[in-house]
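Hi,

Here is the structure I promised to pass on to you.

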Amino acid sequence: MSTLDANWFTEIHQDAGSAFSLRIRRKLADERTPYQHIEVFETTDFGNFMVIDGCTMVTARENFVYHEMMTHPVLYTHAAPRDVLIIGGGDCGTLREVLRHPEVASAVQVEIDERVTRLAEQYFPELCELNHDPRATLIFGDGIQWVKDAPASSLDVVIIDSTDPVGPAEGLFSRPFYADCLRVLRAGGMIVQQSESPLLHLKILRDMHSAMRDAGYADVRTLHFPQMIYPSGWWSATVARKGEKIEGLREVDVAARPFETKYYNADIHRAAFVLPTFLREALA
Ligand code: SAM
């Protein structure tokens with residue numbers, strides 16, 4: 001079939017000359033908030049599906065890859081991740097994965113748009129199942145300002161689970177923001193940020209690496225994973241560490257983890273940091 005009828009949602013990636021579609025059954029929600037346009041659909045094959053400003057965000061069926069890779073590689077590299085901050089992440093899937101770690105004592109999520117979380121509670125209840133964990137705090141506000149105001153050396157891990165670098169998320173991809181994150185991290189602390197497609201967004205990745213290095217992190221590394229619903233179907237996350245190399249996978253703890261993962265394991269952890277030649281050269 002070469003054309004799509006009205007039962008398909010299509011995200012057109014103009015710059016890349018490509019598009020991605022999912023077959024939908026019906027629209028469940030359509031809201032314009034002060035920050036963005038949020039839509040939720042029921043699909044025929046991928047469960048419920050959230051779209052923000054026309055960009056695919058989450059489906060019930062395949063979000064596990066993204067949420068596991070935004071959390072477990074960093075949480076199993078840090079020796080003792082007690083205090084975790086999530087910026088964005090309003091669907092709460094990242095928060096759920098963070099809270100699966102018994103060593104985490106507190107997880108604060110700062111999401112700018114409360115409606116993303118309220119719609120996730122309604123249409124993605126499985127992602128929100130740990131929102132009432134006593135270790136979790138949900139704040140609705142600007143993550144950039146929150147980090148500016150946070151005390152120095154108060155966090156072990158900062159996870160930036162944001163939308164693309166436009167609108168309210170633009171400042172989350174900047175050197176001053178990375179410098180503020182460095183200040184709030186304890187020694188050996190780590191940040192991880194979704195860093196777009198290795199194939200389509202190499203400039204964003206390179207700029208992110210140089211901005212993180214300029215901000216003073218001792219080591220910056222990118223990991224990658226398949227993500228069917230995002231442009232090119234191939235996605236990345238970039239990790240930076242305060243004062244130390246990004247190494248020290250707690251392999252024994254991964255093997256003994258008291259929760260199930262569908263994508264992440266110790267072999268995937270190691271493999272995800274192995275870069276193809278063009279990416280290795282671009283980020284050298
Ligand atoms: N997994 C998704 C992806 O990579 O496409 C991102 C998911 S999540 C829904 C992204 C969230 O970041 C959105 O809900 C958006 O409201 C939030 N966000 C954007 N800028 C923000 C900021 N400055 N502070 C806090 N949250 C922000």
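Below is what I found around the ligand.

Please keep in mind that this is a predicted model. The ligand sits in the largest cavity. Domain 1 (2-59) and domain 2 (63-282) both contribute residues to the shell around the ligand, so the ligand lies between them. Strand S6 (83-88) and strand S7 (106-111) are also part of the picture, each supplying at least two residues of that shell.

There are 24 residues around the ligand, and those that come nearest are Gln36, Glu111, Asp142, Gly143 and Tyr230. Sorted by class, the shell holds 11 nonpolar, 8 polar and 5 charged residues.

- Glu111 places a polar side-chain atom 2.5 Å from an oxygen atom of the ligand.
- Pro168 has a backbone N or O atom 2.9 Å from a nitrogen atom of the ligand.
- Ala169 has a polar backbone atom 3.4 Å from a nitrogen atom of the ligand.

As for burial, the ligand taken alone exposes 600 Å², and the protein buries 99% of that.

Best wishes

Conventions. Residues numbered from 1 in each chain as written. Predicted model: local features only at pLDDT ≥ 70, side-chain atom pairs only at ≥ 80, totals over all residues. Heavy atoms only, no water. Near = heavy atom within 4 Å. Polar contact = N/O pair within 3.5 Å; in protein donor to acceptor, adjacent residues only side chain to side chain. Areas by Shrake-Rupley, 256 points an atom, 1.4 Å probe, with all protein chains shown as cover. 1 Å grid on protein atoms, 1.4 Å probe; cavity = no way out; pocket = protein on both sides within 12 Å on 5 of 7 lines; lining within 4 Å. Sits in = over half its atoms within 2 Å of the grid points. Helix = DSSP H or I, 4+ residues; strand = E, 2+ residues; numbered from the N terminus. Nonpolar A, V, L, I, M, F, W, Y, C, P; charged D, E, K, R; others polar. Domains from an automatic or database assignment.
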